[in-house]
Amino acid sequence: MAAVELTSALRREYEALFATCRIRPERWAEVDHVVDGLLAGRERYRAAGCEVGVPWPVVGALHSLEASLDFERHLHNGDPLSGRTVHEPAGRPVAGSPPFSWHASAVDALRASGLSRGRDWGLAATLYRLERYNGWGYRLHHPEVLSPYLWSFSDHYQRGKYVADGSWSAAAVSRQPGAAVLLRRLAERGEVAFDEIPVGPLIPYSDAGAAPRADDLQAFLNTFPGIRLRVDGWPGPRTSAAFRVVFGRYLHGDPRDTG
């Protein structure tokens, strides 16, 4: 299958999708149940991941998707640890004799997949590697469907799925939460962060005109009673004053902010 490169455009796509990812209300309980399972297995995921340089949330998300959090199954594809893998990738691990420990099999899966060669584990690179782990079939052959391996149980995905290797069904629906959805919920619960998250205020006060995402802030502030801002992207005195009405303080950097 053709390779997909992590271009700047693809980075922006991943970041925008993650920022706008909303878990479907009817799926909240299932997602939190899986996230609780990830947190319960965190130390095992961390031990395997640290051996090859892969963050524990990535190991955990793969374990959910490939093996339903069952520590008696291979991380590669969910086949039982009592033998080598039968399904793709077959014959793993090559070294050793069954039955395999979950740790040894997981380390083999992370190495064989190329995940262990990753150095950039920021948000976009993480989502790219997770999608690559599952394959580029959705992106290359069914671009109308965002990969459920990432986005299932969110409002970015409705239906369409590979039900077997190379077998596509437009009507099939994924029955497990995607990796990006799990990472999003972990982030919402304060369990993970990504390198791109800046230190300091996202939208500081400005005397110099427009600033990134300030128009989003203005649109949000306009949803409160009595606030009427021009959505021009300039986080200046009027925007800062409206921010104070809602949040009790001026934007960071406003000369009026003495807190």
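Contact here means heavy atoms within 4.5 Å of each other. Helices (H or I, at least four residues) and strands (E, at least two) are DSSP runs, numbered from the N terminus. The model is a predicted one, so local features need pLDDT of at least 70 and side-chain atom pairs count only at pLDDT 80 or more, while totals for chains, interfaces and linings use all residues. Residues are numbered from 1 along each chain as its sequence is written, and side-chain values use heavy atoms, with hydrogens and water left out.

On the overall layout, the chain comes to 11 helices and 2 strands, which run along the sequence in the pattern α-α-α-α-α-α-α-α-β-β-α-α-α. Its C-alpha atoms fill a box of roughly 70 × 40 × 35 Å, taken along the principal axes. Of the 259 residues, 46% count as buried (buried means under 20% relative accessible area, exposed over 50% and partly exposed in between, with a 1.4 Å probe and protein chains only). Looking at contacts with a separation of 6 or more, 54% come from residues 24 or more positions apart.

Next comes a pair of packed helices. Two packed helices are described by the angle between their axes and the distance between the axes. For helix 2 (residues 28-40) and helix 9 (residues 179-188), the axes come within 10 Å and cross at roughly 75°. The axes are lines fitted to C-alpha atoms, for helices over the stretch in contact, and the angles run from 0 to 180 degrees between N-to-C directions. Helix 2 and helix 9 are therefore roughly perpendicular to each other (65 to 115 degrees; under 35 is roughly parallel, over 145 roughly antiparallel and the rest oblique). On the helix 2 side, W28, V31, D32, V34, V35, L38 and L39 meet V181, L182, R185, L186 and E188 of helix 9. The residues of this contact divide into 9 nonpolar, no polar and 3 charged. Nonpolar covers Ala, Val, Leu, Ile, Met, Phe, Trp, Tyr, Cys and Pro, charged covers Asp, Glu, Lys and Arg, and the others, Gly among them, are polar.

Over in helix 10 (residues 214-221), the buried residues are A214, L217, Q218 and L221. They cover an arc of only 100° around the axis, which puts them on the same side of helix 10; the arc is that of the directions from the helix axis to the C-beta atoms. Helix 11 (237-247) is included in what covers these buried residues. Helix 11 also holds S240, which is buried at 0% relative accessible area. Leaving aside residues up to four places away in sequence, S240 touches Y205, Y250, L251, D254 and R256.

As for the cysteines, C21 is buried at 1% relative accessibility, whereas C50 is exposed at 61%. With a disulfide taken as a pair of cysteine sulfur atoms within 2.5 Å, the count comes to 0 disulfides.

Finally, the backbone. Most residues other than glycine have a negative phi, and most peptide bonds are trans. In the loop between helix 4 (56-67) and helix 5 (102-112) lies P93, and the peptide bond from R92 to P93 is cis, with omega near -15°. P99 is in the loop between helix 4 and helix 5 too, and a cis peptide bond with omega of about 0° joins P98 to P99. S68, found in that loop, has a positive phi of about 50° and is exposed at 60%. F153 sits in the loop between helix 8 (148-151) and strand 1 (161-164); its phi is near 80°, and F153 is buried at 3%.
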